[in-house]
Amino acid sequence: MAETFGAGRGSSAWLKVSGVSDEALDRESRCPCGGLVPGATFAECCGRLIESGRPGETAEAVMRSRYTAYSLADGQHLFRTWHPRTRPEHVEPEPWVRWVGLEVVDVVDGGPSDDAGVVEFRAAWVAGEGHTRQRGEVHERSRFERRAGRWLYVGPEGADVTGS
Ligand SMILES: [Zn+2]
């Protein structure tokens, strides 16, 4: 049975389960997020945001790039797409989990003409080998805000986020 982390709690699921893939990424292979356009390569999809630091056009594009950054253990991309109001001082994915699939369940606003949006997703992970192997998923409705033209992750919907 899949575990669910973080939904409705006061801190981000991503901080509880973060990880790295030990497989080298081929830029011309399918994007780890599955593709904003289904089947897109890393270079066409999240690579544009992660490698060039280009702002994503939608909250969903940024959410997908954050999933891919977790799978690549790219803490820098996670940091720069996290709202300064809520982000931790350091974002350092830990190398004990492999991210094996992303499903975007729901998207509310978060488009080019919006200032806020919600992206609900399920992200599957596995850890360990053989009989110590574990698997689970993160299921979160993430809030995003646009700030200075960039979509930024704020936190799980329903979490108590205060301040500015
Ligand atoms: Zn992608």
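Mentor: The model is predicted, so local features need pLDDT of at least 70 and side-chain atom pairs count only at pLDDT 80 or more, while totals for chains, interfaces and linings use all residues. Residues are numbered from 1 along each chain as its sequence is written, and side-chain values use heavy atoms, with hydrogens and water left out.

Trainee: What makes Cys31, Cys33, Cys45 and Cys46 donors of the zinc ion?

Mentor: Distance. Donors are N, O and S atoms within 2.8 Å of the metal (3.2 Å for Na, K and Ca); water is not among the atoms, so sites may look incomplete. The SG atoms of Cys31, Cys33, Cys45 and Cys46 coordinate the zinc ion at 2.2 to 2.4 Å. Their spacing in sequence is C-x1-C-x11-C-C.

Trainee: Why does the pair Cys33 and Cys46 tie together parts of the chain?

Mentor: Cys33 lies in the loop between α1 (13-16) and α2 (46-52), and Cys46 in helix α2, so the pair ties together parts that are 13 residues apart in sequence. Helices (H or I, at least four residues) and strands (E, at least two) are DSSP runs, numbered from the N terminus.

Trainee: Why is the arrangement around the zinc ion called tetrahedral?

Mentor: Four donors count as tetrahedral if all angles lie between 85 and 135 degrees. Here the four donor atoms subtend 104 to 115°, so the arrangement is tetrahedral.

Trainee: How do you know whether Cys33 is buried or exposed?

Mentor: Buried means under 20% relative accessible area, exposed over 50%, partly exposed in between (1.4 Å probe, protein chains only). Cys33 has 1%, so Cys33 counts as buried. Cys46, at 2%, also counts as buried.

Trainee: What makes Arg85 and Glu145 a salt bridge?

Mentor: A salt bridge is a side-chain nitrogen of Lys or Arg within 4 Å of a carboxyl oxygen of Asp or Glu. Arg85 and Glu145 meet at 3.1 Å, N to O. The pair links distant parts of the chain, 60 residues apart: Arg85 is in the loop between α4 (75-80) and β2 (98-109), Glu145 in strand β4 (residues 134-147). The structure holds eight salt bridges.

Trainee: Why is Arg85 called partly exposed?

Mentor: Its relative accessible area is 26%, so Arg85 is partly exposed. Glu145, at 21%, is partly exposed too.

Trainee: How do you know that Arg146 forms a salt bridge with Asp115?

Mentor: Their closest N and O atoms are 3.9 Å apart. Arg146 lies in strand β4 and Asp115 in the loop between β2 and β3 (116-127), so the pair ties together parts that are 31 residues apart in sequence. Arg146 is partly exposed at 28%. Asp115 has 57% and therefore counts as exposed.

Trainee: What joins Asp106, Glu120, Arg141 and Glu157 into one network?

Mentor: Salt bridges that share partners. One of the bridges is Arg141 with Asp106, the closest N and O atoms being 3.1 Å apart.

Trainee: How do you know that β4 and β5 pair?

Mentor: Two strands pair if DSSP finds at least two bridges between them. β4 and strand β5 (residues 150-156) have six, in the antiparallel sense. Glu145 has Leu152 in β5 as its bridge partner. The hairpin of β4 and β5 has two residues between the strands, and Ala148 takes a positive phi near 50°.

Trainee: What about β3 and β4?

Mentor: β3 and β4 run antiparallel, joined by 12 bridges. Ala123 stands opposite Val138 in β4. This hairpin has six residues between its strands, and Gly128 in the turn has a positive phi of about 75°.

Technical notes:
Four donors count as tetrahedral if all angles lie between 85 and 135 degrees; four count as square planar and six as octahedral if opposite donors are over 155 degrees apart and all others between 65 and 115; anything else is irregular.
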